[in-house]
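The following note is set out as numbered points for a student who is meeting this structure for the first time. Please read each point with the structure in view.

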Amino acid sequence: MARVEPVPTSEWPREMRGALAALEPPVPRHPPMSKKGGPKGLNALGTFAHHPELARAFFTFNGYALRGTNLTERQREILMLRVSAVRKSSYQWAQHLVVARDIGMTDEEIERVAAGPDPDFWNPLETALLRATDELLGDGTITDDTWAVLSAELDTQQLMDVIFSVSAFETAARLFRSFAIDLDDDLKNV
């Protein structure tokens, strides 16, 4: 049961509708994540509606991490799902399970993200992305060995995107878990 009831959309403050616009980055590199009939995230958005000013600030950051990033959609979802698994954020996991499938990740790949870096399954870059996520969530830094693999494949902007994406996704996971946000009805059967 949620610790804070989400504000129903009909009761959102006027500022919340404006905050939603911040989810659209100035230079979107990826299409919108929600396909027709996909999850709408109303419980999460309704929770943010309690604090529209904070929502706008976070949505600017998170909107970039989701749609403006220089990483591929697959790389983004590997990071997102790994953060969700490590932080045990079932709300975030359910949301991005749908997104990962929409971009073509298989159920086996999704399960393997939850299991962690496995160089026998993932290519070296994907193994390093998973390791980097674990390292950032653990000690707060990427080790030299992981950095060497990442920097051989990614440019400086992409390296920054890895760090900031993990940070944005972890912030959301902390909110979802701390507020005990309930799964939306459209997520209960994914």
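This is a predicted model: local features need pLDDT of at least 70, side-chain atom pairs count only at pLDDT 80 or more; totals for chains, interfaces and linings use all residues.

1. Glutamate 108 has a relative accessible area of 43% and is therefore partly exposed; here buried means under 20% relative accessible area, exposed over 50%, and partly exposed in between, with a 1.4 Å probe and protein chains only. Arginine 112, at 28%, is also partly exposed. These residues form a salt bridge whose closest N and O atoms are 3.4 Å apart, a salt bridge being a side-chain nitrogen of Lys or Arg within 4 Å of a carboxyl oxygen of Asp or Glu. Both lie in helix H6, 4 residues apart, which is about one turn of the helix.

2. Residues are numbered from 1 along each chain as its sequence is written, and side-chain values use heavy atoms, with hydrogens and water left out.

3. The chain contains 9 helices and 0 strands. Helices (H or I, at least four residues) and strands (E, at least two) are DSSP runs, numbered from the N terminus. For its 190 residues, a compact globule would have a radius of gyration near 16 Å, and the chain agrees at 16 Å; the radius is taken over C-alpha atoms, and the globule rule is 2.2 Å times the number of residues to the power 0.38. Of these 190 residues, 46% count as buried.

4. Two further salt bridges deserve attention, out of a count of 10. Side chains of opposite charge can pair when their charged atoms come close. Arginine 67 pairs with glutamate 24, with the closest N and O atoms 2.5 Å apart. This pair links distant parts of the chain, since arginine 67 is in helix H3 and glutamate 24 is in the loop between helix H1 (14–21) and H2, 43 residues apart. Arginine 67 is buried at 10% relative accessible area, whereas glutamate 24 is partly exposed at 43%. In the other pair, glutamate 77 and arginine 76 have their closest N and O atoms 2.8 Å apart. Glutamate 77 is buried at 0% relative accessibility, and arginine 76 is buried at 1%.

5. Which residues touch the most other members of the largest nonpolar core? They are Leu129, Leu150, Leu154 and Phe169, in a core of 32 residues. Such a core is a set of buried Ala, Val, Leu, Ile, Met, Phe, Trp, Tyr and Cys residues joined through side-chain atoms within 4.5 Å. Helices that each supply at least two of its residues include H3 (52–68), H4 (73–86) and H9 (156–178). H7 gives the largest share, 7 residues. Apart from this core lies another of 20 residues, among them Trp12, Ala49, Tyr91 and Ala172.

6. Helix H5 has 13 residues and should span 18 Å at 1.5 Å a residue, which agrees with the 18 Å between its end C-alpha atoms; the expected span is 1.5 Å times one less than the number of residues. Its buried residues include Tyr91, Gln92 and His96. Among the elements that cover the buried residues of H5 are H4, H6 and H9. Just after H5, glycine 104 takes a positive phi of about 105°.

How values were computed. Contact means heavy atoms within 4.5 Å.
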